[in-house]
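Student: Please take one interface between neighbouring chains and look at it closely. Give me the cut-offs as you go.

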Amino acid sequence: MSGRPLDVLEASLEEEVTVQLKGGEMYSGTLTGYDQHMNLVIEDGEDTTIIRGDNVVSISP
Amino acid sequence: MSGRPLDVLEASLEEEVTVQLKGGEMYSGTLTGYDQHMNLVIEDGEDTTIIRGDNVVSISP
Amino acid sequence: MSGRPLDVLEASLEEEVTVQLKGGEMYSGTLTGYDQHMNLVIEDGEDTTIIRGDNVVSISP
Amino acid sequence: MSGRPLDVLEASLEEEVTVQLKGGEMYSGTLTGYDQHMNLVIEDGEDTTIIRGDNVVSISP
Amino acid sequence: MSGRPLDVLEASLEEEVTVQLKGGEMYSGTLTGYDQHMNLVIEDGEDTTIIRGDNVVSISP
Amino acid sequence: MSGRPLDVLEASLEEEVTVQLKGGEMYSGTLTGYDQHMNLVIEDGEDTTIIRGDNVVSISP
Amino acid sequence: MSGRPLDVLEASLEEEVTVQLKGGEMYSGTLTGYDQHMNLVIEDGEDTTIIRGDNVVSISP
């Protein structure tokens with residue numbers, strides 16, 4: 001399982017990511033937190049967004 | 001996982017948040033409670049709303 | 001988690017609530033029961049309705 | 001949780017109920033069985049129907 | 001819970017059943033197997049079909 | 001539960017099966033693997049396909 | 001269960017795969033990670049994509 005998905009998320013902390021949601025929306029910003037459900041915390045300038053993991057299609061570091 | 005999603009929710013208690021639901025609805029108000037499923041309690045003036053977590057797309061403190 | 005969602009439901013027992021379902025339907029009545037899945041029992045005059053929790057969007061006490 | 005949802009189902013055994021499903025269908029008949037997932041057994045004259053609980057919106061005893 | 005749903009399935013083994021799926025499809029045949037998820041095995045003459053339980057709306061023995 | 005669904009899958013290993021998915025797609029080929037979620041491995045000539053079980057409607061050996 | 005789905009994924013590490021998602025999208029690239037939920041890591045040149053497993057329909061090594 002070399003490079004398991006959650007390990008790749010861990011390595012992406014404090015880096016820019018693009019997140020695609022099931023509804024088609026895209027979020028870009030700095031990944032500042034996540035958990036095992038792929039709930040995410042994205043910061044973009046002053047804005048912080050918590051995304052519930054079940055909405056996530058893909059995350060591109 | 002610096003700043004896990006539920007830690008960010010905990011830090012947002014008694015603060016204004018905007019919640020986006022899967023159906024496209026938005027709720028704004030004071031976050032007065034949550035649990036590990038992201039079930040939320042939002043207060044807006046006299047009104048209290050319990051939101052079932054599986055409807056949540058994102059929460060912006 | 002001050003005022004967790006299920007604590008707010010507990011405090012709403014025997015009070016009037018409005019429940020919004022995913023299909024857009026609304027139920028109003030007295031909340032006479034619930035469980036940890038947010039399955040609900042609503043009484044409205046002579047009528048009793050059990051609502052399966054996974055249909056619930058929000059509950060307003 | 002006075003009058004939990006499953007207790008109300010238990011009390012409704014052998015009584016007439018109306019079940020609304022997510023697809024909009026309605027079933028009426030005698031509730032002759034259920035389990036913790038809200039899987040239901042409904043009897044209407046000679047006909048017996050097992051309904052898988054995840055289809056259920058509401059049950060009105 | 002007199003006549004729990006899975007007990008009714010057990011009693012229906014080797015009998016004719018009609019299964020309605022979420023997509024609207026109907027299957028008729030002899031119920032030759034099931035499990036606790038309501039995964040089903042239906043035999044109709046030479047044809048055997050395994051149905052994944054999460055597609056099932058109702059089963060009529 | 002005579003002939004439980006997973007036992008029928010086990011007995012179908014290395015045999016031709018037709019798999020119907022929720023999206024309407026059909027896969028035909030040799031069943032060379034499965035697990036308890038009904039994740040499947042289907043081989044058709046040179047092509048191998050892993051199907052995630054939650055997409056499966058039915059499997060016909 | 002000869003050749004269980006996750007064993008086939010394990011054997012496909014560092015190989016080219018094509019992934020079909022529920023929304024109809026296709027991803028092609030080198031599979032560099034996965035986990036038991038079928039969360040995947042796909043690399044295509046400079047681009048890395050984490051795909052949340054519940055979006056996956058099929059994976060073709």
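Tutor: A salt bridge is a side-chain nitrogen of Lys or Arg within 4 Å of a carboxyl oxygen of Asp or Glu. Between chain D and chain E the count is 1 salt bridge. D:Asp54 and E:Lys22 form it through their side chains, 2.5 Å from N to O.

Some ground rules. This is a predicted model, in which local features need pLDDT of at least 70, side-chain atom pairs count only at pLDDT 80 or more, and totals for chains, interfaces and linings use all residues; side-chain values use heavy atoms, with hydrogens and water left out. Residues are numbered from 1 along each chain as its sequence is written, while chains are lettered from A and ligands numbered from 1 in the order in which they are written.

Now the extent of the interface. Contact means heavy atoms within 4.5 Å. Chain D brings 21 residues to the contact, and chain E brings 19 residues. Buried area is the accessible area (1.4 Å probe) that two parts lose on being put together, summed over both. For chain D and chain E it is about 1500 Å², and carbon and sulfur atoms give 52% of that. Three residues stand out: D:Tyr34, D:Ile50 and D:Arg52 supply 41% of the area that chain D buries against chain E, more than any other three residues.

Next, the polar side. A polar contact is a pair of N or O atoms within 3.5 Å; within protein, one must be able to donate a hydrogen and the other to accept it, and residues adjacent in sequence count only if both atoms are side-chain atoms. Across the interface of chain D and chain E there are 7 residue pairs in polar contact, both residues at pLDDT 80 or more. Which strands of chain D each supply at least two residues of its side? They are β2 (26-34), β3 (40-44) and β4 (47-51). Helices (H or I, at least four residues) and strands (E, at least two) are DSSP runs, numbered from the N terminus. By class, the side of chain D that touches chain E holds 8 nonpolar, 7 polar and 6 charged residues. Here Ala, Val, Leu, Ile, Met, Phe, Trp, Tyr, Cys and Pro are nonpolar, Asp, Glu, Lys and Arg are charged, and the others, Gly among them, are polar.

Strand pairing crosses the interface too. Two strands pair if DSSP finds at least two bridges between them. β4(D) and strand β5 (residues 56-60) of chain E run antiparallel and are joined by 2 bridges. D:Ile50 has E:Ile59 in β5(E) as its bridge partner.

How are the two chains related? Two copies of a chain are related by a rotation about an axis and a shift along it. Chain D superposes on chain E by a rotation of 51° with 0.0 Å of shift along the axis, at RMSD 0.0 Å.

For comparison, take chain C and chain B. Here 19 residues of chain C are in contact with 21 residues of chain B. The pair buries about 1500 Å², with 52% on carbon and sulfur atoms. C:Lys22 and B:Asp54 make a salt bridge at 2.5 Å, N to O. There are 7 residue pairs in polar contact between chain C and chain B, both at pLDDT 80 or more. On the side of chain C, α1 (5-11) and β5 (56-60) each supply at least two residues. β5(C) gives the most, with 5 residues. That side divides into 9 nonpolar, 7 polar and 3 charged residues. Strand β4 (residues 47-51) of chain B pairs with β5(C) in the antiparallel sense, over 2 bridges. B:Ile51 stands opposite C:Ser58 there.

In chain F, β1(F) and strand β5 (residues 56-60) pair in the antiparallel sense over 4 bridges. F:Val19 has F:Ile59 as its bridge partner.

Some chain pairs do not touch. Chain A and chain C have no contact, and their closest C-alpha atoms lie 15 Å apart.

Definitions and conventions. Least-squares fit on C-alpha atoms with pLDDT ≥ 70 in both.
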